[in-house]
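Please look through the structure below before reading on. The paragraphs after it begin with single contacts and then move to the chain as a whole.

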Amino acid sequence: MERIQTERFTDRLYKNVEPIWSQNFHHSFVQGVGRGTLEKELFSFYLKQDYVYLIEYSKLFAIGAQKATSIEIMKQFSVLLHETLHFEMDVHRSYAKSFGISEEVLEQTEPTPINLAYTNYMLNVAHNGTLAELVSCLLPCAWDYWEIGKRLYSQYHNELETNPYKNWIKTYSSDEFGALAKWLIQLMDELTVEKPERELTILENHFQTTSRFEFLFWEMILNQEEWPL
């Protein structure tokens with residue numbers, strides 16, 4: 001009898017990565033943002049590192065357009081690249097300015113070892129792997145940030161107006177940001193229909209690795225881990 005698959009692949013991804021994402025959500029940096037008690041020096045460090053991360057992350061959209069298996073997927077990756085470069089990064093620059101960080105400082109920021117390792121891992125997979133592998137690296141950042149934003153909003157919304165990081169929470173809990181995660185989730189499920197277990201395991205490993213990098217990113221910010229030499 002033919003086996004009928006009832007579980008979406010992204011359901012499996014979510015179930016297996018939940019312990020990692022739980023630690024991401026309960027991380028001191030994330031909870032400090034939620035409570036509004038995080039030192040502004042740490043948040044400024046985050047904004048600078050996140051800016052240079054976004055530049056590399058955007059390149060994955062360009063590679064996605066090149067590896068797209070249909071015109072519609074190519075269009076969507078092109079839209080995401082345009083919106084990131086011409087909207088999200090403008091918002092990021094404006095937000096950084098409110099914390100006293102100039103555009104010049106952002107542009108001169110050198111990525112930390114963890115930041116460099118994370119983005120290089122994704123770009124290596126994107127260049128050398130399949131479209132599904134590229135999406136498996138893109139998805140954790142978009143999906144986990146959305147999950148974090150929604151949970152922080154739910155937990156701390158009563159105190160949000162006095163929180164200096166309220167715009168961050170509102171941005172990542174928004175339906176607009178969630179649309180990216182939803183599209184990538186849908187694409188991941190479409191690309192994995194009838195994939196053999198060997199290939200699914202590869203995708204799951206990428207997904208878990210980049211989810212772990214998300215945790216290491218928070219750790220790096222909390223400890224302000226620069227190059228030691």
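Contact, as the word is used here, means heavy atoms within 4.5 Å. The model is a predicted one, in which local features need pLDDT of at least 70 and side-chain atom pairs count only at pLDDT 80 or more, whereas totals for chains, interfaces and linings use all residues. Residues are numbered from 1 along each chain as its sequence is written, and side-chain values use heavy atoms, with hydrogens and water left out.

A nonpolar core is here a set of buried Ala, Val, Leu, Ile, Met, Phe, Trp, Tyr and Cys residues joined through side-chain atoms within 4.5 Å; buried means under 20% relative accessible area, exposed over 50%, and partly exposed in between, with a 1.4 Å probe and protein chains only.

The chain as a whole has 10 helices and 0 strands, where helices (H or I, at least four residues) and strands (E, at least two) are DSSP runs numbered from the N terminus. Of its 229 residues, 50% count as buried, and among contacts with a separation of 6 or more, 83% are between residues 24 or more positions apart. The C-alpha atoms fill a box of roughly 60 × 35 × 35 Å along the principal axes.

Helix H10, residues 197-223, holds Glu204. Is Glu204 buried or exposed? Glu204 is buried, because its relative accessible area is 11%, and, residues up to four places away in sequence again left aside, Glu204 touches Phe9, Arg12, Leu13 and Asn16.

Two residues with positive phi values remain to be described. Glu194 lies in the loop between helix H9 (175-191) and H10, and its phi is near 65°, a positive value in a residue other than glycine; its relative accessibility is 75%, so Glu194 counts as exposed. Gln224, in the segment after H10, is likewise not a glycine and has a positive phi of about 50°, while its relative accessible area of 30% makes Gln224 partly exposed.
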